[in-house]
Amino acid sequence: VQYDSLSDMVSFGVAPALVAFSWALSSMGKLGWAAAFVYVAGAALRLARFNTQAATADSSFFRGLASPAAAALLASLVWSATDLGFHGEQLPRVVAVLATFLTAGAGLLMVSNFRYHSFKKFDLRRRVPFVAMLLVVLVVGVVTVDPPRILLLVALVYALSGPGQLLLRRLRARRAGP
């Protein structure tokens, strides 16, 4: 278990932070260093919390953004931006600022208490409805149209789904009233 967590830390914590830092955060100076540190520290704390709570946690949800999802967010951001020609010294300041806040934000979401669906209850061993198979084919077709930006959109929607669900629950509770 500890070796698995160590490899996850390198794969989903250090590597995405280094890629984001070398791509955009280095141009932000100390703020870029801080954003990369927040991301790596968030990934380490997220994995530590996952290991200590794995036996008692509800398997339908993760507490905090999962580190692979956070890594997918950073990787798809870098892929989308470089695909659009934003890289190296030509990187506009607004893109570097956005990358800085997205990196730090992903790190903070990993250690947050927001609930994220884990999709662990999704069972492909039993009979799968035709509509579900059709939906999978449709999703793959949509992703192939523009992989960098579609994957960025999916990662961003998933990252925002935790805070969004909390907001919806609070709005519903407020409507129900006392």
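Two residues are in contact when heavy atoms of each lie within 4.5 Å. That idea runs through this briefing on a predicted model. The protein has 6 helices and 2 strands. Along the sequence they follow the pattern α-α-β-α-α-β-α-α.

**Overall picture**

- The C-alpha atoms fill a box of roughly 50 × 45 × 40 Å along the principal axes.
- The protein has 178 residues, and 33% of them count as buried.
- Take the contacts with a separation of 6 or more: residues 24 or more positions apart account for 85% of them.

**Helices H1 and H2**

- Two packed helices are described by the angle between their axes and the distance between the axes.
- H1 covers residues 2-23, and H2 covers residues 30-53.
- Their axes are 9 Å apart, and the packing angle is about 160°.
- Angles over 145 degrees count as roughly antiparallel, so H1 and H2 are roughly antiparallel to each other.
- The crossing of H1 past H2 is right-handed.
- On the H1 side, the contact residues are Gln2, Ser5, Asp8, Met9, Phe12, Gly13, Val14, Pro16, Ala17 and Phe21.
- On the H2 side, they are Gly32, Trp33, Ala36, Tyr39, Val40, Ala43, Ala44, Leu47 and Asn51.
- By class, this contact holds 13 nonpolar, 5 polar and 1 charged residues.

**Helices H3 and H4**

- H3 spans residues 67-83, and H4 spans residues 93-110.
- Their axes come within 9 Å and cross at roughly 175°.
- H3 and H4 are therefore roughly antiparallel to each other.
- H3 brings Ser67, Ala70, Leu73, Leu74 and Leu77 to the contact.
- H4 brings Ala99, Leu102, Thr103, Ala106 and Met110.
- This contact has 8 nonpolar residues, 2 polar and no charged.

**A closer look at H3**

- At 1.5 Å a residue, the 17 residues of H3 should span 24 Å. The end C-alpha atoms of H3 are 24 Å apart, which agrees.
- Buried residues of H3 include Ser67, Ala70, Leu73, Leu74 and Leu77. Those residues also touch H4.
- Ala69, Ala71, Ser76, Val78, Ser80 and Ala81 are buried in H3 as well.
- The cover over the buried residues of H3 includes H1, H2, H4 and helix H6 (147-176).
- Just after H3, Gly85 takes a positive phi of about 95°.

**Helix H5**

- Is H5 buried or in the open? Of its 16 residues, the number buried is 0, so H5 lies largely in the open.
- H5 runs over residues 130-145. At 1.5 Å a residue it should span 22 Å, and its end C-alpha atoms are 23 Å apart, which agrees.

Definitions and conventions. Residues numbered from 1 in each chain as written. Predicted model: local features only at pLDDT ≥ 70, side-chain atom pairs only at ≥ 80, totals over all residues. Heavy atoms only, no water. Axes fitted to C-alpha atoms, helices over the stretch in contact; angles between N-to-C directions. Helix = DSSP H or I, 4+ residues; strand = E, 2+ residues; numbered from the N terminus. Parallel < 35°, antiparallel > 145°, perpendicular 65-115°, else oblique. Left-handed = near helix turned anticlockwise from the far one by under 90°. Nonpolar A, V, L, I, M, F, W, Y, C, P; charged D, E, K, R; others polar. Expected span 1.5 Å × (residues − 1). Buried < 20%, exposed > 50% of the residue type's maximum accessible area, 1.4 Å probe, protein only.
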